[in-house]
Amino acid sequence: MKFKFFLILLVAVFSVDAAQAQAQAETGDLASALNSVGGAASGRIVQLVALLTVLSLAPGLLMMVTSFTRFVIALSFLRSGLGLQSTPANLVMISLALFMTFFVMAPTFDKSWRDGVKPMMDGGISEEQAFPRIVEPFRQFMLAQTREKDIKLFEDLSHGAFEIKDRASVDLRVLIPAFMISELRRGFEMGFLIALPFLIIDMIVATLTMSMGMMMLPPSLISLPMKLLFFVLIDGWNMLIGSLVRSVN
C-alpha cells in the first residue's frame, strides 16, 4: 500500500514537470526545458524521500524531544504499584501520556509552527532558514528540563568533539541524549514516590495475614481492593496528572 502511494506521488511529480517542459518547449527552448525537468524532478524526489523518512521517525522523535517518556514511565509505575497487569490497557495509558504531552508541549509546538513551519510553507523562507527556527523552541524546552550533569557527561564522552562553550548553543547530538536520561531519571523518581504508598499497604496486609495464620491466602488478593479504594478516595488520578504536568512546567 505504501509502495503504491509512493508510486502515485512519483507519477504526479513527473507529470507536473513534463507539463512544464512541454510549455517551455513550445516557446522554443527545448534544451533548457529538458534540463529543468531533470533537476526539478530529482529535487522533488529527494524532498519526497526526506518527508517519508521524517514521518516514519515521528514516533521516535516525539519520545526523544518531549516529556512523553516521563509521563509513560510514571503511569507504568502506577499500574505496577496497584498490582494490575492489564488495567488500564496499554492503549489507554499510552493515549493518556500522548495527550498529556500535547497539552504540555502546546506552547512549544505553536512557536515552532509560527516561526518556522508556516513561513516555510508560505514560501517566505527556505528549508535551511526554517530548520533552526523549527528546532529552537524544542531546544529551549530541553535545556530547561536537562541537568547540567547529564550535558557534561555527553560532552566528556565526546572527547572534545562537541565542546560546549555556551549552554544556549548546545549541539542537538549532545542535548537530546542528555535530555532523555534526565527524563528517565525524573520518571523513575516519580515512579518511586507513586509506588511507595502501595508498597506500604502490601507490607501491612502481608504482616496481618501472616500474624493471623492465613498462610494459604495470597496477601495480594486482599491488598488489591484496598489499594484501589485508597487510590479512589484520595482522587488519585487528579493528583497524579496534576503533579506530572506541574513537574514539567
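Predicted model: local features only at pLDDT ≥ 70, side-chain atom pairs only at ≥ 80, totals over all residues.

Start with Phe-109 and Phe-138. Their ring centres are 5.7 Å apart and the planes meet at 55°, so this pair is called tilted. The reason is the cut-offs: stacked is under 30 degrees, edge-to-face is over 60, and tilted is the rest. Where do the two residues sit? Phe-109 belongs to helix 5, residues 106-121, and Phe-138 to helix 6, residues 127-145, so the pair ties together parts 29 residues apart in sequence.

Now, buried or exposed? Phe-109 has 27% relative accessibility, so it counts as partly exposed. Phe-138 has a relative accessible area of 14%, and that makes it buried, because buried means under 20%.

The second pair is Phe-198 and Phe-231. Here the centres are 6.2 Å apart with the planes at 55°, so this pair is tilted as well. Phe-198 is in helix 8, residues 172-211, and Phe-231 is in helix 9, residues 219-233. The two are 33 residues apart, and the pair links distant parts of the chain. Phe-198 is buried, at 2% relative accessible area. Phe-231, at 8%, is buried too.

Last, the cluster. Which residues do ring pairs link into a cluster? They are Phe-99, Phe-102, Phe-109 and Phe-138.

Notes. Residues numbered from 1 in each chain as written. Heavy atoms only, no water. Phe/Tyr/Trp six-rings, centres within 6.5 Å; stacked < 30°, edge-to-face > 60°. Helix = DSSP H or I, 4+ residues; strand = E, 2+ residues; numbered from the N terminus. Buried < 20%, exposed > 50% of the residue type's maximum accessible area, 1.4 Å probe, protein only.
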